[in-house]
Amino acid sequence: MTQSSDDDFDWTLRSGSTPSSDTGPDSGVGGYGYYIYIEASDPRRLNDKAMILLPSFTRDGDFCLSFSFNMYGYHVNMLRVAKLVASGQLVTLWKMKGQQGPHWQTAQFNVDLRTADQLAFIGIRGEAFSGDIAVDSIAVRSGRCVDGEKNVGPH
Ligand SMILES: [Ca+2]
């Protein structure tokens, strides 16, 4: 994954809990491993954005994107998933706003992509430090999501 410079700060790679209490996950999905998150403590400010990009896609097609997200903390703002297309436009595919509780949750939805498109995860900081947002277990599978699998979003 690649950190964007067209934003305000970077995502952080971490294992275990985040440094601030009462925000962020206790661990990666399943209780172990690394995840990425936006650290909402100083010097971050309201609406600061961090964007991280998946590698460019090498063909056109339908894909099934799944990932886990943790949005725990009183001041959690927004997580947005978008595709960065050739024109430079960011097309929103999914977004979630506000605190979603202490546990990891799963999102899964279909995306149609063209060659050179990139999927982007954009974390947006809320009003105060208790606004960590974490992402783990990102998977992109060829073809549409299989019926019967858990399907959350797009919203
Ligand atoms: Ca950045």
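In strand E10, valine 135 is the bridge partner of phenylalanine 69. Strands (E, at least two residues) and helices (H or I, at least four) are DSSP runs, numbered from the N terminus. Residues are numbered from 1 along each chain as its sequence is written. The model is predicted, so local features need pLDDT of at least 70 and side-chain atom pairs count only at pLDDT 80 or more, while totals for chains, interfaces and linings use all residues; side-chain values use heavy atoms, with hydrogens and water left out.

## Strand E5 and its partners

E5 and E10 pair in the antiparallel sense over eight bridges. Two strands count as paired if DSSP finds at least two bridges between them. E5 is also joined to E8, by nine bridges, and these two strands run antiparallel. Here aspartate 62 has aspartate 112 in E8 as its bridge partner. E5 is mostly covered, with nine of its eleven residues buried. Buried means under 20% relative accessible area, exposed means over 50%, and partly exposed lies in between (1.4 Å probe, protein chains only).

## The open sheet

Five strands form an open sheet in the order E1-E4-E9-E6-E7, with antiparallel pairing. Strand E1 (2–3) and E7 stand at the edges with a single partner strand each, so one side of each has no neighbour in the sheet. Strands of a sheet pair through backbone hydrogen bonds, either parallel or antiparallel. The table lists pairings in this sheet.

| Strands | Sense | Bridges |
|---|---|---|
| E1 and E4 | antiparallel | two bridges |
| E4 and E9 | antiparallel | five bridges |
| E6 and E7 | antiparallel | seven bridges |

Threonine 2 has leucine 53 in E4 as its bridge partner. Lysine 49 stands opposite isoleucine 124 in E9. Leucine 84 has leucine 90 in E7 as its bridge partner. E4 is mostly covered, since four of its five residues are buried.

## Nonpolar cores

A nonpolar core is a set of buried Ala, Val, Leu, Ile, Met, Phe, Trp, Tyr and Cys residues joined through side-chain atoms within 4.5 Å. The largest one has 27 residues, and those with the most contacts inside it are Trp11, Phe67, Leu79 and Trp94. The elements that give two or more residues to this core are E3 (34–38), E4 (49–53), E5 (61–71), E6 (78–84), E7 (90–97), E8 (105–113), E9 (118–124) and E10 (133–142). E5 gives the most to this core, with five residues. A second, separate core has eight residues, including Leu53, Ala82, Ala120 and Ile124. In soluble globular proteins, nonpolar side chains tend to be buried together.

## Aromatic pairs

The structure holds eight aromatic pairs. Rings of Phe, Tyr and Trp (its six-membered ring) pair if their centres lie within 6.5 Å; planes under 30 degrees apart count as stacked, over 60 as edge-to-face and the rest as tilted. The rings of phenylalanine 67 and tryptophan 94 have centres 5.1 Å apart and planes at 90°, so this pair is edge-to-face. Phenylalanine 67 lies in E5 and tryptophan 94 in E7, so the pair ties together parts that are 27 residues apart in sequence. Phenylalanine 67 is buried, at 1% relative accessible area, and tryptophan 94 is buried at 0%.

Phenylalanine 67 also forms an edge-to-face pair with phenylalanine 109, at 6.3 Å centre to centre and 90° between the planes. Phenylalanine 109 lies in E8, so this pair with phenylalanine 67 of E5 ties together parts that are 42 residues apart in sequence. Both phenylalanine 67 and phenylalanine 109 are buried. Phe67, Phe69, Trp94, Phe109 and Phe121 form one aromatic cluster.

## The disulfide

A disulfide is counted for a pair of cysteine sulfur atoms within 2.5 Å, and by this rule the count comes to one. Cysteine 64 and cysteine 145 form the disulfide, with their sulfur atoms 2.2 Å apart. The link is right-handed, with 100° about the S-S bond. Cysteine 64 lies in E5 and cysteine 145 in the segment after E10, so the pair ties together parts that are 81 residues apart in sequence. Cysteine 64 is buried at 1% relative accessibility, and cysteine 145 is buried at 11%.

## The calcium ion

The calcium ion is coordinated by Ser4 (O), Asp7 (OD), Asp7 (OD), Phe9 (O) and Asp10 (OD), at 2.3 to 2.6 Å. Donors are N, O and S atoms within 2.8 Å of the metal (3.2 Å for Na, K and Ca); water is not among the atoms, so sites may look incomplete. In sequence the donor residues are spaced S-x2-D-x1-F-D. Aspartate 10 has 43% relative accessibility, so it counts as partly exposed.
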